[in-house]
Every structure is written in C-alpha cells, then in structure tokens.
Amino acid sequence: MDFLLLSVLLVLSRVFEGQALPFDKNYRISWGDKNVKPFRNGEEIQLSLNNFSGSGIQSKLSYGSGSFKMKIKLPSKDSAGVVTSFYLISHRSQHDELDFEFLGNREGKPYTLQTNVFANGIGDREQRIQLWFDPTANFHEYSILWNSHQIVFFVDEVPIRVYKNKSHRGVGYPTQPMQSEATIWNGETWATENGSAKINWSNSPFTAQFQGFTIEGCPFSNYSLNCNSTKFWWNSKQLWKLTSGQEKSYKDIRRKYMTYNYCKDTNRFQTLPPECTK
C-alpha cells in the first residue's frame with residue numbers, strides 16, 4: 001500500500017468516524033471464542049467471563065503509531081475481582097504495552113480505572129482514578145494517542161494521563177509495533193481490595209460490551225512507511241503536547257479523582273523513577 005492510498009483511506013476513516021464500524025473491519029477474536037457474541041450486525045461485541053474462561057479480541061494488524069478508540073460498557077452487579085481491559089501490546093519478550101484496566105468492585109462501590117505503561121518489558125508505572133460516572137450504565141469512549149512525543153490516555157476525549165517521551169534522559173518509551181486488544185478476565189488475586197475481594201461466581205457470566213473499534217494508525221506491516229511522519233495527523237506538531245484547554249481538564253481530573261500515582265509512592269520507590277521528575 002503506497003502512502004497516497006493510505007492517506008486517502010485515513011481521511012475516509014475520519015469522515016466516517018461518527019458512524020458505527022463493524023467489529024471485523026479491524027479486529028478478530030483472539031481467545032475464549034465461546035464467550036464472544038456479536039450484536040447489531042457486528043457493530044457491537046460482548047465479551048464474557050465465567051468460571052471456565054474469559055475472552056478477548058485483537059486487531060488484525062500491528063501499528064507503529066496512531067489513535068485507538070473503543071466504546072465500552074462495563075459489567076454491572078457485583079464485579080469484584082473482574083478485570084475488563086483495553087490496551088496496546090507488542091508480542092515480544094521485552095514488550096511494550098499501554099493499558100486501560102477497569103477494576104471491578106463490590107456492588108454500589110465505584111469502579112477504579114488503572115492505567116499502566118510498559119517499555120522494553122519494564123512496567124510498574126500504575127496510576128489509578130475513580131471514574132466520575134457509572135461506567136456500567138452507558139457506553140463511554142476510551143482512547144489512546146501514541147506518537148513519538150507523547151502518549152495520552154483519554155476518557156470521553158478528556159485526557160487523564162500523559163506519558164512524555166523522555167528517552168533522551170534514559171527513560172523507556174514504547175516504540176515497538178503493537179496490536180490493539182480488549183479482554184475480560186479473572187484478576188481476583190489483586191484487582192479489588194488488594195486481592196481480598198474475590199469473584200462471586202453466582203453473578204457470572206460477567207459481560208462487557210464494546211463498540212466503535214476505531215483505529216487510525218500506521219500499519220507496521222508496510223515497512224516503507226515512516227510511522228513517525230508528520231503526514232499522519234496524530235503525529236502533527238500540535239499533538240506533541242496538550243492544548244491549554246486539555247491541560248486544564250487534565251489537571252482538574254487528576255486533582256479530583258486520582259487515587260494512586262506511582263510517581264508519588266515513596267514507600268515503593270526509594271528513588272522515584274526518572275520520568276516522574278520534570
């Protein structure tokens with residue numbers, strides 16, 4: 001695929017972004033196929049977890065940069081121990097990974113959203129916020145912008161986390177080709193109340209719904225492409241940092257809803273990781 005054709009396709013994808021994309025345009029089932037159900041002519045996918053298996057989907061292609069979006073409605077009822085996730089990941093021994101992990105909770109308690117960044121197999125960069133809405137009642141959009149300058153996690157287009165490229169200071173930064181994936185799985189050993197709240201299997205199956213399936217990325221299968229080129233909209237200079245409006249929203253969200261930041265955990269780190277300093 002030459003660059004001109006790819007550019008035309010990306011423009012068209014942005015034109016039709018407001019329309020529902022079928023699941024199989026960009027994704028396929030990766031595991032637990034018996035727990036994956038399509039709805040609305042494939043425009044919605046349900047992933048479920050029971051005491052036999054969870055389930056997952058993954059993008060057909062790997063990407064070297066881009067914007068990745070998913071609309072998700074999380075499991076309701078008592079979902080303690082259940083983890084629903086949307087993430088980018090490379091499949092190498094020292095892998096890169098960008099995570100949205102939704103940590104289920106006892107009924108009536110708020111959902112926690114955990115984000116994490118892995119670079120060259122090194123993670124331990126968890127941040128957590130409590131969502132300011134009920135994520136089980138309606139679909140909300142979660143997205144990741146990834147370019148060579150910054151990675152931004154968005155909830156309904158509001159930035160909740162920024163990971164800047166500080167590789168010049170020896171800080172790891174994701175550069176490996178990654179696939180987009182979504183899963184639901186058993187995380188009861190750690191996800192809720194440090195693992196003390198176990199899954200109540202009488203409530204299973206636990207189901208999460210997914211829509212949108214929007215990927216606008218540089219397909220790594222085409223080695224002639226420079227995935228850091230500013231010809232891709234997500235690499236344009238204005239997306240190398242947040243706008244002033246985004247910066248204000250970002251600070252407000254973190255001030256009101258952040259419950260854990262590894263960059264402030266001096267009990268865990270005698271010396272804070274270098275990316276935590278300005």
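At 21% relative accessibility, Cys276 counts as partly exposed, a class that runs between buried (under 20% relative accessible area) and exposed (over 50%), worked out with a 1.4 Å probe on protein chains only. Before going on, keep in mind that this is a predicted model, where local features need pLDDT of at least 70, side-chain atom pairs count only at pLDDT 80 or more, and totals for chains, interfaces and linings use all residues. Residues are numbered from 1 along each chain as its sequence is written, and side-chain values use heavy atoms, with hydrogens and water left out.

So who is Cys276 paired with? Cys276 forms a disulfide with Cys263, and their sulfur atoms sit 2.0 Å apart; to count as a disulfide, two cysteine sulfur atoms have to be within 2.5 Å. The link of Cys263 and Cys276 is left-handed, with -75 degrees about the S-S bond. Both cysteines lie in the segment after strand E15 (258–261), so the pair ties together parts that are 13 residues apart in sequence. Strands like this one are DSSP runs of E with at least two residues, while helices are runs of H or I with at least four, and the numbering starts at the N terminus. As for Cys263, its relative accessibility is 15%, so it counts as buried.

Now find Cys218 and Cys227, which form a disulfide with their sulfur atoms 2.1 Å apart. Here the torsion about the S-S bond is about -70 degrees, so this disulfide is left-handed. Both Cys218 and Cys227 are buried. That brings the count to two disulfides. If you number the bonded cysteines of the protein chain in sequence order, the pairing reads 1-2, 3-4.

Next, let's look for empty space. Rolling a probe the size of a water molecule over the atoms shows where such space is left. The structure holds one cavity of 30 Å³ or more. A cavity here is a set of points on a 1 Å grid over the protein atoms alone where a 1.4 Å probe fits but cannot get out, and its lining residues have an atom within 4 Å of a point. About 40 Å³ of space lies in the largest cavity, the volume being the space filled by probe spheres set on the points, which are joined across faces, edges and corners.

Which residues line the largest cavity? They are Leu113, Thr115, Gln127, Arg128, Ile129, Ile160, Arg161 and Arg254. Strands E8 (112–118), E9 (127–130) and E12 (158–164) are the elements that each give two or more residues to this lining, and E9 gives the most, with three. By class, the lining has three nonpolar, two polar and three charged residues. Nonpolar covers Ala, Val, Leu, Ile, Met, Phe, Trp, Tyr, Cys and Pro, charged covers Asp, Glu, Lys and Arg, and the others, Gly among them, are polar.

Key:
On a 1 Å grid over the protein atoms alone, a cavity is a set of points where a 1.4 Å probe fits but cannot get out, and a pocket is an open set with protein on both sides within 12 Å along at least five of seven lines; lining residues have an atom within 4 Å of a point.
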